[in-house]
Amino acid sequence: MEDHDILLKFQDPASRNLAFNQLVRKYQSKVYWHVRKMVIDHDDADDLTQDVFVKVWKHLENFRQDAALFTWIYRIATNECLNFLSSKRRKFLLPLTDVGAELAAKMEADPAIAGDAIELKLQQAILRLPDKQRLVFNLRYYDEMPYEQMAEITGTSVGALKASYHHAVKKVEEYVTRSTDD
Amino acid sequence: MKPTFKLDAHPRRPRPLLSEPPAGYFDKLPTQIMARLPRADARPAVPGWLAWLTPALRTGLASVAVLGGFAASFFLSGPAPEAPVAVASLDAVPRTELVGYLLTSGARVENSDLAVLTAAHPNITKGFLHASEEELVQALDDQPSEDPTYL
């Protein structure tokens, strides 16, 4: 079902729940993996994905459609992730590297990555990036999202996003090269 | 020298190598999310007109209402009615009646009390004490001199 149809059905109280259920089914996987790449842990990703859709439900009535529905949902998901990571840092008074180390430890414990040394180094390098730069890296490298859409989601200019991604790639390549030398 | 790592040369994956969510996760997720949505027929926690106010303003309004209630009840209740004066001045009661009351009411009045009273008012105890003046003086002299009552 097209986004336009979902939104039309959502306006009608009689079909609102059905429309929202279809919206969840359509976007749940993308939202989950977007969140999961940022928080790594499945349980955290599960909680945040549910929170994202509850927020979507609360604000969908006021959605002005000046952006694509999925861009808008992605923006909510992105904010939830960044808030989650910063509150985790505040809660435990952890510096940036410690949260990165915690995420890297979860990544290393994941059986899916065991045995792939280069992939593990790559993930460690990505997790060392600051949260917002890691977000830019994920959107561009994994999702292959156009910079214009990334700009709508992050509220950052295209030029700044290009620069951020360029620096992120350099940092990742340097880290993996250096750590494979050890 | 080892070759430098180039991201473009690395096989690109759609996402990092993370384990898949539990089986059936995406089948159950919509139900879980729908269960968390606020019910459309759920009554709001506050009346509609209060919903326009911020929580801080609502708290302030409640405090003002409680304090206003106290103030209103204080001012509307007026001055408390005076209790009827039930205590008449003891000066109006003859001393003989007082002594008679004390002796018959079970109050602890001892000879020494009567002796002191006699010293101040020689005639008042004649009806109660059947003792000569010498006996009264003797009773007073027998009282311990360090007792401040008699100083």
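Leaving aside its neighbours within four places in sequence, Ile73(A) contacts Tyr27(A), Val31(A) and Val56(A). Two residues are in contact if their C-beta atoms, placed from the backbone, lie within 7 Å. This is a predicted model, in which local features need pLDDT of at least 70 and side-chain atom pairs count only at pLDDT 80 or more, while totals for chains, interfaces and linings use all residues. Residues are numbered from 1 along each chain as its sequence is written, and chains are lettered from A and ligands numbered from 1 in the order in which they are written.

Ile73(A) sits in helix H4 (residues 69-92) of chain A. Helices (H or I, at least four residues) and strands (E, at least two) are DSSP runs, numbered from the N terminus. Is Ile73(A) buried or exposed? Ile73(A) counts as buried, because it has 25 C-beta neighbours inside 10 Å. The cut-off for buried is 20 or more other C-beta atoms within 10 Å of a residue's own; exposed means 12 or fewer, and partly exposed lies in between, with C-beta atoms placed from the backbone. Phe53(A) is 20 residues away from Ile73(A) along the chain, and their C-alpha atoms are 8.2 Å apart.

**Two helix pairs**

Axes are lines fitted to C-alpha atoms, for helices over the stretch in contact, and angles run from 0 to 180 degrees between N-to-C directions.

| Helix pair | Axes | Angle |
|---|---|---|
| H1(A) (residues 3-11) and H2(A) (residues 16-39) | within 7 Å | roughly 150 degrees |
| H3(A) (residues 42-59) and H1(B) (residues 25-36) | 9 Å apart | about 55 degrees |

The angle makes H1(A) roughly antiparallel to H2(A). For the second pair, it makes H3(A) oblique to H1(B). Angles under 35 degrees count as roughly parallel, over 145 as roughly antiparallel, 65 to 115 as roughly perpendicular and the rest as oblique.

H1(A) and H2(A) cross in a left-handed way. H3(A) passes H1(B) in a right-handed crossing. A crossing is left-handed if the near helix is turned anticlockwise from the far one by less than a right angle, and right-handed if clockwise.

Which residues of H3(A) meet H1(B)? They are Gln50(A), Phe53(A) and Val54(A), facing Gln32(B), Ile33(B) and Arg36(B). Ala, Val, Leu, Ile, Met, Phe, Trp, Tyr, Cys and Pro count as nonpolar, Asp, Glu, Lys and Arg as charged, and the others, Gly among them, as polar.

**Chain B and the interface**

Chain B has six helices and zero strands. Buried residues are 7% of its 151 residues. Of the contacts in chain B between residues at least 6 apart in sequence, 40% join residues at least 24 apart.

The interface pairs 22 residues of chain B with 32 residues of chain A. On the chain B side, 14 are nonpolar, four polar and four charged.

**Confidence**

pLDDT is the predictor's confidence in each residue, from 0 to 100. Chain A averages 89, with 94% of the residues at 70 or above. Chain B averages 74, with 59% scoring at least 70. Among the elements of chain A, H5(A) (residues 96-109) has the lowest mean pLDDT (73) and H3(A) the highest (96). Among those of chain B, H2(B) (residues 48-51) is lowest (66) and H1(B) highest (95). Where pLDDT is low, the predicted coordinates should not be read in detail. For the complex, the predictor gives an ipTM of 0.84 and a pTM of 0.64.
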